[in-house]
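Please read them with the structure open.

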Amino acid sequence: MARGLISVVDDDPLVRQTLPDVLRELGFAAEAFPSALEFLASGRVAETRCLLLDVVMPGMSGYALQHELQRLGQRIPIIYITGQTDRAVRPRLSEQGAVACLFKPFCATALSDALAAALRDS
Amino acid sequence: MDHAMALPMRERQRENLETLGRFSAGIAHDFNSILYAIVGYADLLVMRTSRGSTERRYAENVLTAAQRASALVEQILAYGSNERAKRCVVDLREVVLEALEHFRGKLPGGIALESSIASAPLRVLADATQLHQVVMNLCTNAAHAIGEHGTIRVLLSAEEGGRALLEVTDTGCGMDAATAARVFEPFFTTKGTGKGTGLGLSLVQAIVSDLGGSIDLATKVGVGTTFTIALPLAGPRLVN
């Protein structure tokens, strides 16, 4: 039984392939988008219960998408997923209103915990 | 006894490592995504296989390997981060206490951790994350030198002349002169595969010398090793 749609926005095709498979195994419906603009144009924004969002992407960055969603009045909980290793970004992302920040490569347990927190808060 | 390498050679090695760090920072984003695919699918295999099965063990071994790769990337990247380090006045005492707390959680049962920490703040101009790494690397190294049973002693004090002194002593195997002479050399390790990257102590040295500090070691085979780090204090010591 699917537990709501989780959308993934990441420019890396490997992540777009892996993460939805892990999410489906955890019991969620999942869809992945290669860019912020494609997510915004997808028609899936309103039904997304949580957004797993890459920080650094060509074109519109993760931050910019977060601001755009706020501007559109969409209050989707955001979990940042980043390949950056600078742990100092975590507090900055929290200040921006992200529920959590996962540093790749993260394990399924960390993902599951972050999703539980995101969906509890929403 | 001074086991330090000639200064120009150390400088050159540090520069090489910083170049490697900067280069790695450029590919780290992609590399971590690739590692995520490996971890993600290994996780799925773990979920789909039964406990105790050969398949589960294979999947768990993939996870362990990926975690090692990830730790190695972080160590190499730490060299490049010197340039990005955000220096401000930090209380070394707080950083050491926090790092020891963190380290205690990782310590095997047979190793005791004793500490004597200055009661007043010791303010240094540094990047707290890097200082944390210095303490963790020295303590991890001490634990590896000990093996199963022994004691790690951490002393933090203020020295006359406005320097903070951090001493990490282990009752481990100690080093002969040839090993001690190479201990700060990048990629030099005596540890078995998977236990050490050979970057821990050279990173400590790079960070400490970048902060205008010094690092010394005293060691005796069969008795143990003490690493002593001295860092210049940033301002007047606050006396409580």
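Predicted model: local features only at pLDDT ≥ 70, side-chain atom pairs only at ≥ 80, totals over all residues.

1. Strand β2 (residues 111–117) of chain B runs parallel to strand β4 (residues 150–159) of chain B, and seven bridges link the two. One position to look at is B:S115, which has B:V154 of β4(B) opposite.

2. β4(B) has another partner. Strand β5 (residues 163–170) of chain B pairs with β4(B) through eight bridges, and here the sense is antiparallel. B:A158 faces B:A164 in β5(B). B:V154 also has a bridge partner in β5(B), namely B:V168.

3. Next, the turn. β4(B) and β5(B) make a hairpin, with three residues between the strands. Within that turn, B:G161 has a positive phi of about 95°. For background, most residues other than glycine have a negative phi.

4. Now the whole sheet in chain B. Five strands make up an open sheet, ordered β2-β4-β5-β7-β6 (chain B), and the pairing is mixed. At the edges are β2 and β6 (214–220) of chain B, each pairing on one side only. Direction ignored, neighbouring strands are turned by 10° against each other on average.

5. Helices pack on this sheet. Helix α4 (residues 128–146) of chain B touches β2, β4, β5 and β7 (224–232) of chain B. The direction of α4 makes about 25° with that of β5(B). Helix α6 (residues 200–210) of chain B lies across β6 and β7 of chain B, and its angle to β7(B) is about 25°.

6. Turn to chain A. What is the strand order of its open sheet, and is the pairing parallel or antiparallel? The order is β2-β1-β3-β4-β5 (chain A), five strands in all, and the pairing is parallel. β2 (29–33) and β5 of chain A are at the edges; each has a single partner strand, so one side of each has no neighbour in the sheet. From one strand to the next, the twist averages 20°.

7. Some detail inside that sheet. Strand β1 (residues 5–9) of chain A and strand β3 (residues 48–54) of chain A run parallel and are joined by five bridges. A:L5 sits opposite A:T48 in β3(A). Helix α1 (residues 13–25) of chain A lies across β1, β2, β3 and β4 (78–82) of chain A. This helix runs at about 170° to β2(A).

8. Check one peptide bond. The bond between A:K104 and A:P105 is cis, with omega about 0°. Most peptide bonds are trans. A:P105 is in the loop between β5 (100–103) and α5 (108–121) of chain A.

9. How many residues of each chain are in contact at the interface? Chain B contributes 20 residues, in contact with 24 of chain A. The area buried between the chains is about 1900 Å², and carbon and sulfur atoms give 62% of that area. On the chain B side, B:H29, B:Y36 and B:Y41 lose the most area to chain A, together 34% of what that side buries.

10. The interface has polar links too. Six residue pairs are in polar contact across the interface of chain B and chain A, with both residues at pLDDT 80 or more. Two helices of chain B, α1 (7–48) and α2 (54–80), each supply at least two residues of the side that touches chain A. The largest share, 16 residues, comes from α1(B). By class, this side of chain B has ten nonpolar, five polar and five charged residues.

11. Last, the ion pairs. Over all chains, the count comes to ten salt bridges. Between chain B and chain A the count is one. Which residues form the salt bridge between the chains? B:R48 pairs with A:E25, and the closest N and O atoms are 2.7 Å apart. This pair runs from helix α1 of chain A, which holds A:E25, to helix α1 of chain B, which holds B:R48.

Terms used
Residues numbered from 1 in each chain as written. Chains lettered and ligands numbered in written order. Heavy atoms only, no water. Contact = heavy atoms within 4.5 Å. Buried area = accessible area lost by both parts, 1.4 Å probe. Salt bridge = Lys/Arg side-chain N within 4 Å of Asp/Glu carboxyl O. Polar contact = N/O pair within 3.5 Å; in protein donor to acceptor, adjacent residues only side chain to side chain. Helix = DSSP H or I, 4+ residues; strand = E, 2+ residues; numbered from the N terminus. Nonpolar A, V, L, I, M, F, W, Y, C, P; charged D, E, K, R; others polar. Pairing = 2+ DSSP bridges. Axes fitted to C-alpha atoms, helices over the stretch in contact; angles between N-to-C directions.
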